[in-house]
Amino acid sequence: MALLSPAALATLMRGGGRRGGVCVRRSRHPPGVLHSPSLSSSAPPQPVIAAKQPFPVELKAGKKYGWCACGHSRSQPFCDGTHKKAAPGISPLRFTPEEDKTALLCGCKRTRSPPYCDGTHKEEAVQSAQLPPQP
Ligand code: FES
């Protein structure tokens, strides 16, 4: 079963282009099957919440990092390449710190200042969300 992001769920609840969240247009799936925007080829993929809190990490000046933006990586908060299959269309954010520092990297993937935590994880939409199953 595919998990939906809060944004995708909200779209479903509004029934965007559908009657009651059920697809009524001609499509590849049978009538009455719930249409998930996150699985649609036209809808942009949405990140999943990897954690409901940030990851404290030691960053090294001049080192190149890839912050996981899709939420599927098993090497959180960093990219492990899983996005290529799990969320094609979402790419990691590559960054290089200018100084050694301890930083809080976003785990909820909803920050407005990626890759750093901006406190968005404290919002109800994140705290009440269901986390994807762990492998
Ligand atoms: S962990 Fe995402 S904003 Fe804090």
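This is a predicted model: local features need pLDDT of at least 70, side-chain atom pairs count only at pLDDT 80 or more; totals for chains, interfaces and linings use all residues.
**Exercise 1.** Identify the residues in contact with tryptophan 67, leaving aside its neighbours within four places in sequence.

*Solution.* Contact requires heavy atoms within 4.5 Å. With that criterion, tryptophan 67 is in contact with Pro77, Phe78, Cys79, Pro92, Leu93, Phe95, Leu105, Cys106, Lys109, Thr111, Pro114 and Pro115.

Residues are numbered from 1 along each chain as its sequence is written, and side-chain values use heavy atoms, without hydrogens or water.

**Exercise 2.** State which residues have the most contacts inside the largest nonpolar core, and which elements give two or more residues to this core.

*Solution.* Step 1: such a core joins buried Ala, Val, Leu, Ile, Met, Phe, Trp, Tyr and Cys residues through side-chain atoms within 4.5 Å; buried means under 20% relative accessible area (1.4 Å probe, protein chains only). Step 2: the core has 17 residues, and Leu59, Trp67, Phe95 and Leu105 have the most contacts inside it. Step 3: the contributing elements are β1 (55-59), β2 (65-67) and β4 (101-105), where strands are DSSP runs of E, at least two residues.

**Exercise 3.** Explain why alanine 129 counts as buried, and locate its contacts.

*Solution.* Step 1: alanine 129 lies in the segment after α3 (124-127). Step 2: alanine 129 counts as buried because its relative accessibility is 15%. Step 3: beyond four places in sequence, alanine 129 touches Ile49 and Lys52. Step 4: the C-alpha atoms of alanine 129 and isoleucine 49 are 7.9 Å apart, although 80 residues separate them in sequence.

Definitions and conventions: Buried means under 20% relative accessible area, exposed over 50%, partly exposed in between (1.4 Å probe, protein chains only). Helices (H or I, at least four residues) and strands (E, at least two) are DSSP runs, numbered from the N terminus.
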